[in-house]
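Thanks for coming, everyone. Please take a look at the model on the screen, and I'll walk you through it piece by piece.

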Amino acid sequence: MALMSAAALYPYLPGLDSGADGDLNTIIARSESAIADYLGFAPSSVGAPAVLTTTTYTLYLDGPSTEPRMIQLPIKPVASITTIHDDVNWDYGSSELVAASNYTLVGEKGQVWLNPDASHVWSTAPRALKIVFVGGFSGSNPDSALSTAILEYCAVIYERRRGGAGRRSASAGNANANFNLPPIPDPVRQLLRPYRLPVHWLT
């Protein structure tokens, strides 16, 4: 499910109504996936597209190397932590499950901190941590700047498609449309800058 609805695009494309919803929903799905790629969101599974909406991820991460009490997840925001296993042998069995009472999630930053009174210490070995969590943006209350960025990019795509720029097959649900995705425009990139993920912080 996308963050934006077709109806949200109407003010950006005067004259359109529900008759265009099929194409608009396809454009929204493709644009949100392109923005997710740009921000650094990883697909939740092999072959799946990157998405902005809340999704369950299972990631295998190295232990912390700078702040020993903090794990920086590569996706933010994070809505919840399902499980964390800490195992230098990569078995991730029940005996390596870290009790939730040991850590606190700082969801907006995508960080998991050991509590001051924690009985656990994060391993620093490669791939020692198996973390299952729900990350991404909620469609029920999307951030205004992110919403604006998505809708502006969708409007660019629609106008170029209407002008016959390129051909690309894409579909969402029962809707199909042919168009090329243009590069994300600089004004949209500026809106997206605060949402770029840790993988891009040094680039």
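Let's start with the whole chain. The protein has 203 residues, and 41% of them count as buried. Keep in mind that this is a predicted model. What is the make-up? The protein holds four helices and eight strands. Read from the N terminus, the order is α-α-β-β-β-β-β-β-α-β-β-α. So much for the list of parts.

Now the contacts. Take those in the protein with a separation of 6 or more: 71% of them join residues 24 or more positions apart.

On to the helices. Find helix 2, residues 21-39. Its partner here is helix 3, residues 144-162. How do helix 2 and helix 3 pack? Their axes are 9 Å apart, and the angle is about 120°. That makes helix 2 oblique to helix 3. The crossing of the two helices is right-handed.

Which residues meet there? On the helix 2 side we have Asp-23, Leu-24, Ile-27, Ile-28, Ser-31, Glu-32, Ala-34 and Ile-35. On the helix 3 side we have Ala-149, Ile-150, Tyr-153, Cys-154, Ile-157, Tyr-158 and Arg-161.

Stay in helix 2 for a moment. Look at Thr-26, which sits in this helix. Is Thr-26 buried or exposed? Thr-26 is buried, and its relative accessible area is 0%. Where does its side chain go? The side chain of Thr-26 reaches the backbone oxygen of Gly-22, at 3.1 Å.

Let's take the two pairings in turn. Strand 2 and strand 5 run antiparallel, with three bridges between them.

Strand 4 covers residues 103-106, and strand 5 covers residues 111-114. These two strands pair antiparallel over four bridges. Here, look for Tyr-103, which stands opposite Leu-114 in strand 5.

A general point while we're on sheets. In a regular strand, side chains alternate between the two faces of the sheet.

Now move to strand 6, residues 129-135. Five of its seven residues are buried, so strand 6 is largely enclosed by the rest of the structure. Which strands does it pair with? One is strand 1, residues 55-61: the pairing is antiparallel, over seven bridges. Another is strand 3, residues 78-86: that pairing is antiparallel too, over seven bridges.

Thr-55 has Gly-135 as its bridge partner. Val-78 also stands opposite Gly-135.

Last stop: the loops. Start between strand 2 and strand 3, where Pro-77 is found. The peptide bond from Lys-76 to Pro-77 is cis, with omega near 0°.

Move along to the loop between strand 3 and strand 4. Tyr-92 is in that loop. What is its phi? Phi of Tyr-92 is near 55°, a positive value in a residue other than glycine. Tyr-92 counts as buried because its relative accessibility is 11%, and the cut-off for buried is under 20%.

Then go to the loop between strand 5 and strand 6, where Arg-127 lies. Arg-127 is another non-glycine residue with a positive phi, near 60°. How accessible is Arg-127? At 32% relative accessibility, Arg-127 counts as partly exposed.

Let me recap. Helix 2 is oblique to helix 3. Strand 6 pairs with strand 1 and with strand 3. And the bond into Pro-77 is cis. Over to you for discussion.

Key:
Residues are numbered from 1 along each chain as its sequence is written. This is a predicted model: local features need pLDDT of at least 70, side-chain atom pairs count only at pLDDT 80 or more; totals for chains, interfaces and linings use all residues. Side-chain values use heavy atoms; hydrogens and water are left out. Buried means under 20% relative accessible area, exposed over 50%, partly exposed in between (1.4 Å probe, protein chains only). A polar contact is a pair of N or O atoms within 3.5 Å; within protein, one must be able to donate a hydrogen and the other to accept it, and residues adjacent in sequence count only if both atoms are side-chain atoms. Two strands pair if DSSP finds at least two bridges between them. Axes are lines fitted to C-alpha atoms, for helices over the stretch in contact, and angles run from 0 to 180 degrees between N-to-C directions. Angles under 35 degrees count as roughly parallel, over 145 as roughly antiparallel, 65 to 115 as roughly perpendicular and the rest as oblique. A crossing is left-handed if the near helix is turned anticlockwise from the far one by less than a right angle, and right-handed if clockwise. Contact means heavy atoms within 4.5 Å.
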